[in-house]
Amino acid sequence: MTTLRNVYLPLSGTAPDGTAVDVEFDEAITAIRPAATLNSQDGDGGAVIDGDGGEVIDGAGLYLVPGLIDTHVHLGTREGLVNAARAGLTTVVDLGTHPDELIDGFRAETGIPSILSAGSPASAPGSTQISAMGFPAESGVSDPEDAARYLDRRVEHGADLLKIIIEDPAVTDVPALDVPTLAALVSGAHDRGLLCVAHVVTPGAFDRGLAADVDILTHVPLEGMLSEATIVRMLAQGTVASPTLTMMRAMARALFPDRAVAALGNALECVRALHEAGVPIIVGTDANETAFAPVSHGASLHDEIELLQQAGLSPLEALHGATAGAAAALQRTDRGRVATGLRADLVLVDADPYEDPGVLRAPHAVWVAGERVAESAPGRRALAPA
């Protein structure tokens with residue numbers, strides 16, 4: 001058992017008058033109480049360690065917030081995951097890593113974020129993912145009847161969700177899944193209890209994803225605006241957007257070096273239109289360790305929050321998309337908030353991040369399911385026992 005004393009919970013409703021609280025947790029949060037009201041007290045009225053010998057830490061007026069969720073990463077090395085934990089990430093969603101054994105190995109380790117994984121994404125036979133990015137040929141889906149084979153394979157290998165590559169044949173000559181096959185993948189995944197996330201980078205790909213009833217569309221176009229009809233349909237269908245603006249910026253620089261600023265501006269305007277219409281937006285980075293368009297694990301999530309604010313989201317809205325909003329979109333009701341009974345995925349910071357999200361870049365401490373995985377960033381004081 002760990003107890004954090006004298007911490008503030010911004011926006012929690014636990015202490016509406018701004019008073020501090022004590023938070024107790026093991027793997028999950030077991031209690032939230034007004035500060036200094038533990039089971040026993042010393043002669044001066046201060047809290048002491050309970051009889052179970054649990055650790056008591058003085059938060060000294062710091063702010064405790066939910067662990068951050070990156071809804072789009074690609075895993076490579078343990079170092080990347082360690083960096084993510086140090087940056088306050090407690091859950092990462094892998095949307096394309098092969099082989100499955102690599103994910104299994106990471107999941108067996110401690111000191112890193114919790115991992116949700118799609119494994120190898122579904123794509124058309126001969127797709128760029130298969131021909132150039134190292135994904136297995138078996139991840140190619142030839143037609144609607146072939147969808148069940150692919151889905152059963154993903155379930156057999158423990159996939160937490162499904163990733164689909166959607167290309168637009170009108171603007172590219174790479175192999176593309178047709179809409180009936182996309183629909184078969186989505187409906188089959190839903191029948192198996194799997195959420196569906198789709199890679200879409202053009203307006204036409206968005207429309208194909210909506211026709212197939214995909215749950216989350218990840219990325220936004222660098223060229224071409226999303227139509228009002230597309231955005232209205234996203235809102236009507238409850239489709240969630242994960243724009244990955246950090247990756248769109250990296251791709252703009254790699255693909256259009258002479259007009260990268262304009263291309264990113266187009267992506268920002270797409271997000272602005274989605275936000276103004278009320279489409280739910282969650283935070284994902286497409287963090288990866290490739291040579292072509294690398295995006296750093298951990299730090300990039302804070303960049304993403306800044307870019308989302310440039311697109312019109314408030315700090316509250318951006319952070320919601322990296323905490324409770326992300327958890328809801330991923331159908332993970334066990335995380336994303338600081339509340340009794342939820343996972344103890346926690347980040348301790350200097351000030352209220354809903355006023356200044358930048359304080360999340362250097363947390364004092366991070367816990368994943370109650371295990372302290374990172375603490376005392378450079379320049380920060382060490383936490384002291386109470």
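Predicted model: local features only at pLDDT ≥ 70, side-chain atom pairs only at ≥ 80, totals over all residues.
Colleague: Which residues touch the most other members of the largest nonpolar core?
Modeller: Ile 164, Leu 185, Val 220 and Leu 274, out of 83 residues in that core. A nonpolar core here is a set of buried Ala, Val, Leu, Ile, Met, Phe, Trp, Tyr and Cys residues joined through side-chain atoms within 4.5 Å. Buried means under 20% relative accessible area, with a 1.4 Å probe and protein chains only.

Colleague: Which helix gives this core its largest share?
Modeller: Helix 9, residues 260–277, with eight residues. Helices are DSSP runs of H or I, at least four residues, and strands are E runs of at least two, numbered from the N terminus.

Colleague: What does Val 220 touch?
Modeller: Leaving out residues up to four places away in sequence, its contacts include Phe 206, Pro 243, Met 248, Cys 270 and Leu 274. Contact means heavy atoms within 4.5 Å.

Colleague: How many residues are in the other core?
Modeller: That separate core has 16 residues, including Leu 4, Leu 9, Phe 25 and Ala 344.

Colleague: New topic. Which residues of helix 4 are buried?
Modeller: In helix 4 (147–156), they are Ala 147, Tyr 150, Leu 151 and Arg 154. Seen down the axis, they fall within an arc of 95°, so they line one face of the helix. The arc is that of the directions from the helix axis to the C-beta atoms.

Colleague: What covers them?
Modeller: The cover includes helix 2 (100–107), strand 9 (161–165) and helix 5 (179–191). Just after helix 4, Gly 158 has a positive phi of about 80°.

Colleague: Now the open sheet. What is the strand order?
Modeller: The order is 6-7-8, with parallel pairing. Two strands pair if DSSP finds at least two bridges between them.

Colleague: Which strands stand at the edges?
Modeller: Strand 6 (68–73) and strand 8 (114–117). Each has a single partner strand, so one side of each is left without a neighbour in the sheet.

Colleague: How many bridges join strand 6 and strand 7?
Modeller: Four, in the parallel sense. Val 73 stands opposite Asp 94 in strand 7.

Colleague: Which domain does UniProt list for residues 63–372?
Modeller: The unreviewed entry gives "Amidohydrolase-related". UniProt positions use the numbering here, feature names are shortened, and annotations may be inferred rather than shown by experiment. The span is 37% helix and 15% strand, and its end C-alpha atoms lie 16 Å apart.

How values were computed: Residues numbered from 1 in each chain as written. Heavy atoms only, no water. Buried < 20%, exposed > 50% of the residue type's maximum accessible area, 1.4 Å probe, protein only.
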